[in-house]
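Me: I would like to learn how to read strand pairing and aromatic contacts in a model. Please take me through one case.

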Amino acid sequence: MIKLRGMAAALTTLALLASGATTALATDEVSPQPIGVFSIEGMHWILTGQVVDGELEQVPDGVLVSLRMDDGQGGGNGGCNSYSTSYEIDGFDVTFGEVASTLMACPEPASAVESTYFANLGQVASYQSGGIQMAFLDADGNFLLEFDLAPEATIVGAWVATGINNQQEQAGVVSSDMTSQVTAEFSPGGDLTGSDGCNDYFTTYQVDGDSITISDAIGSTRMACLSDELAEQSQWYFGAITSATTWSVDAAGNLELRDADGALQVSYAPAA
């Protein structure tokens, strides 16, 4: 039996309370019981711990593993690669299908975390959830994976561009060593300011759920760009943001703006 600690122990305590148990826990080794009915679907989960060689270990700092489950399809980031899988839920029983992922080479410790995570998903037999925390267990009731609910997504804040749609007939999102010179700051009041790589700019935006409208009445300082490439990037950027109709923030905290056809216009990472 794996010794429980951290979130797993908290979930087990909640399970005992939910089942009406009144005796204080005298050991950190207990049999997990189902917690009340909390949905685990339709939310972003961030892995905080997993079983490695029989021991429950925390995910190393700097490695982000995420999971979202919707209508029988799950996926996210395994620590380096994007992945997808199918799943079935029956009460508190849950099983995952074969994992498919991109094939990027991963540095350590992300590579080891990812391979262990994919293997652990294949052993999942049931779940427990406290609403903002979740754990997957194996067929013997041992904890395999621990998750926290990801923070609620917001567009408000400062961002640095990582990719910009080139607004050409064969449109595509491009990035270079100049891309990070483009920034955006979305204020709570609807102002959008930043740098286009040449000049400071300012405009307004409105959001309604995951929909966004960015005004094409964009003002800016009028300094000459230092290169033709920066001037071209500026034109791409303004075309991209004014084409955007939806926004989303993924479990890793990155912002994407897409047009009405779902084409990516700008991707951003949070500003340091």
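Me: Which residue in β10 is the bridge partner of Leu47?

Reply: This is a predicted model. In it, Leu47 has Phe147 as its bridge partner in β10. The bridge can be read with the strands around it: β1 (residues 44-52) runs antiparallel to β10, and five bridges join the two.

Me: Which other strand pairs with β10 in the antiparallel sense?

Reply: Strand β9 (residues 133-137) does, also over five bridges. Within β10, Glu146 is the residue opposite Ala135. A hairpin is formed by β9 and β10, with five residues between them, and Gly141 in the turn has a positive phi of about 85°.

Me: How many aromatic pairs does a search of the whole structure find?

Reply: The search gives 12 aromatic pairs. One of them joins Phe92 and Tyr127, tilted, at 5.4 Å centre to centre with 50° between the planes. Phe92 lies in the loop between β5 (82-90) and β6 (93-96) and Tyr127 in strand β8 (residues 126-129), so the pair links parts of the chain 35 residues apart. Phe92 is partly exposed at 27% relative accessible area, whereas Tyr127 is buried at 8%.

Me: Which residues do ring pairs link into a cluster?

Reply: The cluster consists of Tyr83, Tyr87, Phe96, Tyr117, Phe118, Phe136 and Phe147. Phe147 is also the β10 partner of Leu47.

Methods: Residues numbered from 1 in each chain as written. Predicted model: local features only at pLDDT ≥ 70, side-chain atom pairs only at ≥ 80, totals over all residues. Heavy atoms only, no water. Phe/Tyr/Trp six-rings, centres within 6.5 Å; stacked < 30°, edge-to-face > 60°. Helix = DSSP H or I, 4+ residues; strand = E, 2+ residues; numbered from the N terminus. Buried < 20%, exposed > 50% of the residue type's maximum accessible area, 1.4 Å probe, protein only. Pairing = 2+ DSSP bridges.
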